[in-house]
Amino acid sequence: MVNIEIDEDACVGCGSCVEDCPNDVYEMDETKNKTKVVKVEDCMACLSCHEICPAQAMEHQDIHVAKRLYIDRKVNYELDRII
Amino acid sequence: MEIEEIRGTFKPELIPKETGGDLDDYEDALHVLMKFMGSMSSALEQVSGRGANAIVYQAGKRMGHESAKMMDKTDNLEKALDEMGDVLGHEFYFEKWKPSGQDSYTTQDGDQVVVKLLFMDCVVRQTLRRTGLPQKGPLCYLLYGYMVGAVEEVMDIKGKIDIDHVGPNACLKTLTITWSGK
């Protein structure tokens, strides 16, 4: 089962994830003005929320991570060497 | 970059093993193909507008029909989906999906059966991200056509797919089949 961790220090309370999630996994916590997870069982790990979150405040644990064959291994190798 | 030339003897009845290439060769070829597919998709859209979707859909449908010819014919949707999953393989890895409040994966509506499919690994998505193109464009209609073609071939009924949601890690699609339709 998916587990979603929200970094409350990072969350800016913009509500983008709440609007973007097709399965209403998130809701705004009006008192804290932060997002909160309310329906984790409906999360399909599409990770649209990761893409839209300006603060990268969420982490999905124990999900199927799709292959990324578009990653250029040679470029990555060179980047690793530089960094 | 230095290009290594392969030299050897070539007889008509055999293909030298060394021409098969290594992982780097496959990676290079994959990236070139991704770029090619991406620019072809945007060029198609530029030239034929929404007609691009129909062209790619038709190409996918042909692929679906061709692939499904190898599968056992069945009128069991679950079995058909399992077989299609095997043929599509890891590059189009999908699973049935349902919201937590729903009891079964399939829902019946008159003579229609609806099932939601979660596509997790998808070469089309990777191609679009490689070339910086948005999802839900003409290339996504390849899978649409593929599933419809395969369903039509295996179950001998009419099917359609709607894209519910697209994401960087998974896409949710709804497959609707009509029992009476052909």
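Tutor: The answer below begins with conventions, then takes up the chain, its core and the pockets.

This is a predicted model, in which local features need pLDDT of at least 70 and side-chain atom pairs count only at pLDDT 80 or more, while totals for chains, interfaces and linings use all residues. Residues are numbered from 1 along each chain as its sequence is written, chains are lettered from A and ligands numbered from 1 in the order in which they are written, and side-chain values use heavy atoms, with hydrogens and water left out.

Chain B has five helices and five strands, where helices (H or I, at least four residues) and strands (E, at least two) are DSSP runs numbered from the N terminus. Their order from the N terminus is α-α-α-β-β-β-α-α-β-β. Along the principal axes, the C-alpha atoms of chain B fill a box of roughly 65 × 40 × 35 Å. Among contacts (heavy atoms within 4.5 Å) in chain B with a separation of 6 or more, 63% join residues 24 or more positions apart.

The largest nonpolar core comprises 33 residues, and Leu81(B), Met147(B) and Leu175(B) have the most contacts inside it. Such a core is a set of buried Ala, Val, Leu, Ile, Met, Phe, Trp, Tyr and Cys residues joined through side-chain atoms within 4.5 Å. At least two residues of this core come from each of helices H2 (51–68), H3 (77–88), H4 (123–131) and H5 (140–155) and strands E1 (92–97), E3 (112–122) and E5 (171–178) of chain B. The most is given by H5(B), with 11 residues. A second, separate core has 17 residues, including Cys43(A), Ala45(A), Cys53(A) and Ala57(A).

The largest pocket has a volume of about 370 Å³. Of its 18 lining residues, Val2(A), Cys43(A), Met44(A), Trp97(B) and Leu118(B) are the closest to its centre. A pocket is found on a 1 Å grid over the protein atoms alone, as an open set of points where a 1.4 Å probe fits, with protein on both sides within 12 Å along at least five of seven lines; lining residues have an atom within 4 Å of a point. Points are joined across faces, edges and corners, and the volume is the space filled by probe spheres set on them. E1 and E3 of chain B each supply at least two residues of the lining, with the most, four residues, from E1(B). This lining divides into 12 nonpolar, one polar and five charged residues, where Ala, Val, Leu, Ile, Met, Phe, Trp, Tyr, Cys and Pro count as nonpolar, Asp, Glu, Lys and Arg as charged, and the others, Gly among them, as polar.

The second largest pocket holds about 280 Å³ of space. It is lined by 12 residues, with Ile3(B), Glu4(B), Ile6(B), Asp22(B) and Asp25(B) nearest its centre. Helix H1 (residues 23–48) of chain B gives the largest share of this lining, three residues. Here the division is three nonpolar, one polar and eight charged.

Terms used
Buried means under 20% relative accessible area, exposed over 50%, partly exposed in between (1.4 Å probe, protein chains only).
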